[in-house]
Structures are given as C-alpha cells and as structure tokens.
Amino acid sequence: MRPARPSSDPLSALRMGGFTLIELLIVLIIVGILGAFAFARLYSASSIDGRTYADQLGATLRYGQKMAIAQGRNVYARLDAGGVALCYQADCAPSARVLAPAGRNSDSAATARVCADPTWACEAPPTGVTVGVSSQFYFDPVGKPFALADALTSSVSTFATLNVPIGGSAPRRVVVERETGYVH
C-alpha cells in the first residue's frame with residue numbers, strides 16, 4: 001500500500017484525522033445519560049427488596065426451628081403483614097423474645113419501626129413488599145411445627161403446610177413443610 005501524499009489543502013488534513021476529542025466527549029455524555037435512564041428503568045428496588053425479605057423470612061424461621069432443637073424448648077413464630085418474630089412464649093412478652101443471630105436483627109428502617117428491639121429475632125418487610133399470610137405457630141423441641149391451637153403435650157400436629165407469598169414487583173414464596181418443618 002502506498003503512503004498518502006500530503007495535500008496542499010489544509011482542510012484535507014483535518015478530514016483525515018477521525019473524531020475530535022470534543023465529538024468523543026459528547027458521544028460519551030449522551031451514552032451515559034441514556035444508560036442512566038435505561039438502568040433506572042430496568043433496575044427495580046422492590047424486586048430486590050422482595051427477594052431479600054423472602055430470604056430473611058426463611059432464615060428467621062429456620063433459625064427459630066434450630067433454636068427449638070438446640071434449647072429443647074418450644075419457639076413460637078408470629079407471622080403477619082408487620083413481619084416475622086420469634087419468641088419463647090405465645091404472647092411474645094419482652095422477656096420471652098428470642099435473641100437475633102449474632103445479637104442483632106437487620107435494624108432496617110422498617111424493622112426498627114415494627115420490632116423496636118434490635119436484639120430481637122424480628123424482621124419487617126420493607127416498603128413495597130407485602131406478606132400474604134398471617135399465622136402463628138411453634139416449633140417443638142424436635143423441630144416439628146405445631147399450630148398454636150395444638151396442646152403443648154400433644155404429639156399430633158394440626159399444622160398444615162404454610163405457603164407464605166411475598167409480594168412486590170417480583171413475587172416470592174416461603175414454605176414451611178407440615179411434617180418436618182423444613183423451610184424453603
């Protein structure tokens with residue numbers, strides 16, 4: 001390939017040089033602005049909040065079951081639109097609250113508003129996330145779930161498999177199995 005001959009026209013040298021720095025900066029700014037709008041449109045905090053809360057809810061219920069087994073006593077789970085809480089008594093008196101793992105709950109704004117005590121195993125759903133079931137039950141010392149109405153001395157549980165829909169822009173579900181108490 002032959003090298004290009006220099007031209008006597010000064011503007012022809014500018015036309016051969018490609019893009020100027022100003023042109024590149026303008027294109028990058030426009031792409032950045034379009035990308036910010038596209039990211040905001042695709043990214044939905046409530047879908048992440050819903051998944052996070054479903055994971056917290058499942059972990060809290062599993063923790064309650066493990067505490068019942070480890071301590072050889074009943075652990076009560078209260079589940080409603082306000083969140084999930086674990087206690088050693090059905091009335092959830094402040095003296096009967098189960099301590100959160102590592103000594104603190106998530107202490108999010110919603111949890112602080114509903115649960116009040118940051119050391120309590122209690123979690124509340126964030127704004128925009130709903131819990132579709134209200135239930136109160138307990139795990140016995142073997143980890144089996146029992147309905148609140150079941151006698152404490154009974155070995156027969158009337159607890160039915162609990163399906164907890166977690167609403168938001170990406171709905172989730174947390175399930176507590178009837179026979180084993182397996183939470184998934």
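Which two side chains meet in a salt bridge at 3.0 Å, N to O? They are those of Arg178 and Glu179. A salt bridge here is a side-chain nitrogen of Lys or Arg within 4 Å of a carboxyl oxygen of Asp or Glu. Before going further, some ground rules are needed.

The model is predicted, so local features need pLDDT of at least 70 and side-chain atom pairs count only at pLDDT 80 or more, while totals for chains, interfaces and linings use all residues. Residues are numbered from 1 along each chain as its sequence is written, and side-chain values use heavy atoms, with hydrogens and water left out.

Start with the overall layout. The chain has four helices and eight strands. Helices (H or I, at least four residues) and strands (E, at least two) are DSSP runs, numbered from the N terminus. Read from that end, the elements follow the order α-α-α-β-β-α-β-β-β-β-β-β. Of the 184 residues in the chain, 34% count as buried. Buried means under 20% relative accessible area, exposed means over 50%, and partly exposed lies in between (1.4 Å probe, protein chains only). The accessible surface of the chain is about 11,300 Å², and 63% of it belongs to carbon and sulfur atoms. Such areas come from the Shrake-Rupley method with a 1.4 Å probe, and for residues only the protein chains shown count as cover. Among contacts between residues at least 6 apart in sequence, 51% join residues at least 24 apart. Contact means heavy atoms within 4.5 Å.

Next comes the sheet. Strands of a sheet pair through backbone hydrogen bonds, either parallel or antiparallel. In this chain, five strands form an open sheet in the order 3-2-1-5-6, with antiparallel pairing. Two strands are taken to pair if DSSP finds at least two bridges between them. Strand 3 and strand 6 are the edge strands, each pairing on one side only. Strand 2 and strand 3 are joined in the antiparallel sense over two bridges. Ala85 stands opposite Cys122, which is in strand 3.

The nonpolar interior can be followed from there. A nonpolar core is a set of buried Ala, Val, Leu, Ile, Met, Phe, Trp, Tyr and Cys residues joined through side-chain atoms within 4.5 Å. The largest such core has 29 residues, and those with the most contacts inside it are Leu57 and Ile166. The elements that give two or more residues to this core are helix 3 (45-71), strand 1 (75-80), strand 2 (83-87), strand 5 (135-139), strand 7 (162-167) and strand 8 (172-176). Helix 3 gives the most, with seven residues. Apart from its neighbours within four places in sequence, Leu57 is in contact with Leu79, Val84, Val164, Ile166 and Val174. A second, separate core has six residues, among them Ala85, Cys87, Trp120 and Cys122.

Now return to the charged side chains. By the rule given above, there are five salt bridges. In one of them Asp117 meets Arg97, at 3.9 Å from N to O. Asp117 lies in the loop between helix 4 (109-115) and strand 3 (122-123), and Arg97 in the loop between strand 2 and helix 4, so the pair ties together parts that are 20 residues apart in sequence. Both residues fall in the middle class of accessibility: Asp117 is partly exposed at 24%, and Arg97 is partly exposed at 23%.

Glu179 forms a salt bridge with Lys144, where the closest N and O atoms are 3.3 Å apart. This pair links distant parts of the chain, 35 residues apart: Glu179 is in the segment after strand 8, and Lys144 is in the loop between strand 5 and strand 6 (145-147). Lys144 counts as buried at 19% relative accessibility, whereas Glu179 is partly exposed at 47%. Arg178, the partner of Glu179 in the opening question, is partly exposed at 38%.

Asp107 has a phi near 55°, a positive value in a residue other than glycine. Asp107 lies in the loop between strand 2 and helix 4 and is partly exposed, with 37% relative accessibility. Ala116 also has a positive phi, of about 65°, although it is not a glycine. Ala116 is in the loop between helix 4 and strand 3, and at 63% relative accessibility it counts as exposed.
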